[in-house]
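Take a walk through this structure with the model open beside you. Keep the sequence in view as you read.

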Amino acid sequence: MTETVSIPTLDGDASFNAYVARPTQAPRAAIIVIQEIFGVNTGIRQKCDKLAAEGYLAIAPDLFWRIEPGVELDPDVEAEFNRALDLMGKFDQDQGIKDIEATIHFVRDKEGVAKVGCVGYCLGGRLAYMTAARTDIDASVGYYGVGIDGLLGEKHAIANPLMLHIPTEDGFVDKATQKAMHEGLDDHPKVTLHDYEGLDHGFATEIGKRRDEEAAGIADGRTSAFFAEHLG
């Protein structure tokens, strides 16, 4: 079952929408699905639906709502890709983390699900790292997160498990950034990094030209096992 819910902000002065996919049974835990720069589009909703099929309450908040509510863009259409880049430039990431925290509170308080994880892609991969460092999320996964080398100063605050998927030929995350991520995080007791040789950004997207079926299956299998271990 899927629906759109309204989540109050932390300050309680506004609200934003989120797509929810519910399992057929009582949820084993909840997972927040953090969007790419393309909004809560078909691919992100499909991620939620797959997680619901695994028994999780899956919820994807509309993080661009302050700029433009309801954004849904196709990365394979050049004009829409460029529009997504423009939206990312306007997006307040610190505020976005507060909205993710509000979503955590909503799931625990309104949905009654105590264990909450998150998984994010692209911009969402970066936000998953920030969520791990800035909130009490129980487990986090980031796919091809951008600019994480600039966030390594926050790694001491990561108290719960975090997994990062890193394609080695990522057009948005160069080799120097990948090296800095490994040097900064390989010895962190709560962080696991997986490299995907020869793969580019977006390889685990549900639909579209960027998807690599084999690598997506491997990464998603690791994510599934990770959440089963740390969320139940």
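Y144 counts as buried because its relative accessibility is 1%; buried means under 20% relative accessible area, exposed over 50%, partly exposed in between (1.4 Å probe, protein chains only). Y144 sits in the loop between β6 (139-143) and β7 (162-167). Strands (E, at least two residues) and helices (H or I, at least four) are DSSP runs, numbered from the N terminus. Phi of Y144 is near 40 degrees, a positive value in a residue other than glycine.

This is a predicted model: local features need pLDDT of at least 70, side-chain atom pairs count only at pLDDT 80 or more, and totals for chains, interfaces and linings use all residues. Residues are numbered from 1 along each chain as its sequence is written, and side-chain values use heavy atoms, with hydrogens and water left out.

Now find C122. It lies in the loop between β5 (116-121) and α4 (123-134).

Next, the cysteines. How many disulfides does the structure hold? It holds zero. A disulfide is a covalent bond between the sulfur atoms of two cysteines; here the cut-off is a pair of cysteine sulfur atoms within 2.5 Å. The sulfur of C48 is 12 Å from the closest cysteine sulfur, in C118, so the two are too far apart for a bond. C48 is buried, with a relative accessible area of 0%. C118 is buried, with a relative accessible area of 0%.
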